[in-house]
Amino acid sequence: MNFALAAVLLPLLAAVLALCWRRQAARLVWLSTLFSLLLALAALWQVVTFGPASMQLGGWQTGLAIRWQLNELSALLLLMTALIHSLVASYSLSQWRDAGLSADFWPLSALLQSALSSLFLSVDLFNWYVTLELLGLAAVALVLLSGKKALQAAMRYLLLSLAASLCYLLGVALLYGHYGWLDVPQLAVAISEEPVDHRLALWLITAGLMLKAALWPLHVWLPAAHAAAPAPVSALLSALVVKGPLFMLYMIWSQLAGPELAVTGSWLFLLTGSMALVVGGWSALRTPYAKVMVAYSTVAQLGYGLLALGLMLHLTDPAFTQALFIFVLAHALAKTSTFLAVGEMQLRLGGKRLSTFRGASQTMPLAMFAVAVAGGSLIGLPPSGGFVAKWQLLLPLWQHSQLWWLLPVILAGTLLSAAYIFRLVVLAFNRAKPVRPDFAPALLPQWLALLPALLVWMLAFASGSLLSWLGG
Amino acid sequence: MSLVHWYLLIAAGLWGIGCYGLIRGPELLRRIIALNLMGAAVFLVMVTLAARTDPADGVLHALVLTGLVVAVSATAFALALVARTLSESA
Amino acid sequence: MSGDFWFDALLGLLLLLLALATILARQLAAAVMLYVVFGLMLALAWARLGAADLALAEAAIGAGLTGALLFSALARQPKSLAPAQGAGRVERLPALLLCSAISAVLGWTLWQLPLQPQHSQLPAALEQLGSSGTEHLVTAVLLNFRAWDTLLELLVLLLALLGTRLVAAPEPAALQHWPLARQWSKRLLPLLVLVAFFVLWRGATAPGGAFQAGALLAAALVVLRLNGQLPALRFDFWWVRALILAGVLAFLLAGLLSLWLNWQPEQAAQWLRWPLPLAKGLILLIELSATLAIGLTLTLLVVGERKELGA
């Protein structure tokens, strides 16, 4: 637990110091992300060796205190947060002078990391509300780093995000009114002992979280916001921020919904997940802008998360929990790589449209390779992390014939993602537009964009231990 | 009808009015006011629920206080954003 | 029928009417005014429901500061309504039906809540109050039992300021200084500051605390600043930044100090656990710095970093 605590506090301290001492902000935050990566690794090691732990903040008894729970799942998510943040920070440090990234990026991203890490550790309904709000405001501020062109998108994002938090808070108030607990495991015990009709509370919480996580059909704010933000910010938003509410959705539905309500909820998640896959994929295929395409791909990919959640609730099979979180990890890595590489190519080649990428395989082969490799995982090509997640999803599905209609949906989603990735790759292999003879984009940012894509393919080698950690 | 029930019903009404203002608008400023009304409804629910015991539930009161500060922060941010958006489009 | 019954009945209906009028008022200025009145009435309702702390906070923060923010936003609103604002408007009838349905379902669910809570955190909190370092329950919850929430909440406030700075909103139209107002603010200032610190000090034993005090302090600073009696406050000044970060820093330092004092090599560390003899001092230190930080942050949020008027 000590390591996890340090992994939350270190970025927080770095953010405060970066605000005081602005000249060193970039280096301070970068160092803090690297150290928090080590700390998160140590926390995972601690969990695997000594078993799960929990901490009552302030040392008060359960219920009075906010509780943190460190188990394999939260340790993995903590590690994911630290890893993506350190990758994005390294990338931003390597190119921020060229990209004109504002110095305000550093304290904001450090605050984001701290809030997200706290969210993954906490199991307290009201503490989640405060972290959600922190996450939302930090995300909107980060989107605003793009300046004028991001104003409309940020405005919409902020208003919807505030409405979503209020829905969530109303649901929490209803639950507290019934049971008097904010601690999720204790609340689960109270609900199982004395079930009352708490449907409305759960639906309100679900609506709020689905809006925050941009799950179809409440995704309307995402493409504009993620596409308008600077590339490192888009990577953080798509890879991490939407996963926070998704994690909460999983925790709340798996623990607080009784068996009957879980089945009803599973239908919602199965239907919206299917729609997300198809509609998101179709929109990604249709858009002429590169970053909008990647953003719609997030909408589509979150559909897999919804399907896994729905199947877990429907069939109560732990295999789907594994699928859900392997998907979360794989998507985070792949999307980081895609956004960083696309952003880097847009910066050097100039232009927002897909046509910018004509011939990119010759002008910026490394970045284009990153997009293709990460795209492989998004499609689910073996042996990438995306493939492992999808395999984990499909394998148990074969045995449940009543849900056969999901198979063509997943197939359609896969084909659509293959189509939009290949659309980009084919363009890149076209004859290049002539570039200036001294065109020599820096290699370091491109390597840093490629790194997460390589990691997601290596995820397959770690899938054995991943499955065993997420199995319980 | 008890005091608690009466104020809970008022809160339900406030939430609906806030929702209406949020989706109808039309001005951005009014949507933000509507969000604040929805917030007021949630806080009223919490304060009323706290009043069910004697003495009132101080834990819930503390949560509302936290919520109030969060709400005013978010409102300030949103209003600045609105002012800038409007001055850009004007 | 007792007088209390009629009072609550009227207050409730008045709340609904004010809310409705806020949403439907033709003029935005009228809507803002009605909202402020609504906030004051809500504070009254909370006082009726036995929440003195919150009534004070709602009057100061919910009605006062939000009102000031709304009025300042109104002053920055351009004269001509931008056409983009009306976009995406839902038709009146479906919206009306939808919202009535929402209200009805919510009202029905709330109606069924038990009048006697099955369980609540109150007994546990009262039991531990003695070892929390403060005698007032709300302060104990905010600064001891659930201190992590409060630390994160200070961060939310900080983020709002950072975001507002990024937006670089236009300044409101310059106002004339009013000689009478200047005289008044000179007289009122010491009183307001005194009241703010009284409210803070009282928070240890009775309703009151850092947030209410911070809001009062902000009110004093805003009045002074608007009357041009205070030098410009800019985030770039190191002392402004230091004061704004003071709340979070005091929290973090107190937390790290307690970690160090409670440290036992074999046991897991416990975050935000104040050692009993120090609890009162630490809580007071955090409250004091938080009051300053909240006051200054809220001031900056309301008046912004405007340049000297007439300069």
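Guide: Welcome! Two residues are in contact if their C-beta atoms, placed from the backbone, lie within 7 Å. The model before you is a predicted one.

Visitor: Which parts of chain A are called domain 1 and domain 2?
Guide: Residues 1-122 of chain A form domain 1, and residues 123-471 form domain 2. The C-alpha centres of these two domains of chain A are 20 Å apart.

Visitor: How do you know how many residues of domain 1 of chain A are in contact with domain 2 of chain A?
Guide: The cut-off is 7 Å between C-beta atoms, and 35 residues of domain 1 of chain A are in contact with 37 residues of domain 2 of chain A. On the domain 1 side of chain A, the elements giving two or more residues are β2 (67-70), α3 (72-99) and α4 (105-121). Of these, α3(A) gives the most, 16 residues.

Visitor: What makes up that side of domain 1 of chain A, in nonpolar, polar and charged residues?
Guide: There are 19 nonpolar, twelve polar and four charged residues on the side of domain 1 of chain A that touches domain 2 of chain A.

Visitor: How many residues do chain C and chain B bring to their contact?
Guide: Chain C brings 74 residues and chain B brings 68 residues. Among the elements that give two or more residues to the side of chain C that touches chain B are α1 (3-24), α2 (28-48) and α3 (52-76) of chain C. The largest share of this side comes from α3(C), with twelve residues.

Visitor: And how do the residues of the side of chain C that touches chain B divide?
Guide: They divide into 48 nonpolar, 18 polar and eight charged residues.

Definitions and conventions. Residues are numbered from 1 along each chain as its sequence is written. Chains are lettered from A and ligands numbered from 1 in the order in which they are written. This is a predicted model: local features need pLDDT of at least 70, side-chain atom pairs count only at pLDDT 80 or more; totals for chains, interfaces and linings use all residues. Helices (H or I, at least four residues) and strands (E, at least two) are DSSP runs, numbered from the N terminus. Ala, Val, Leu, Ile, Met, Phe, Trp, Tyr, Cys and Pro count as nonpolar, Asp, Glu, Lys and Arg as charged, and the others, Gly among them, as polar. Domain bounds come from an automatic or database domain assignment.
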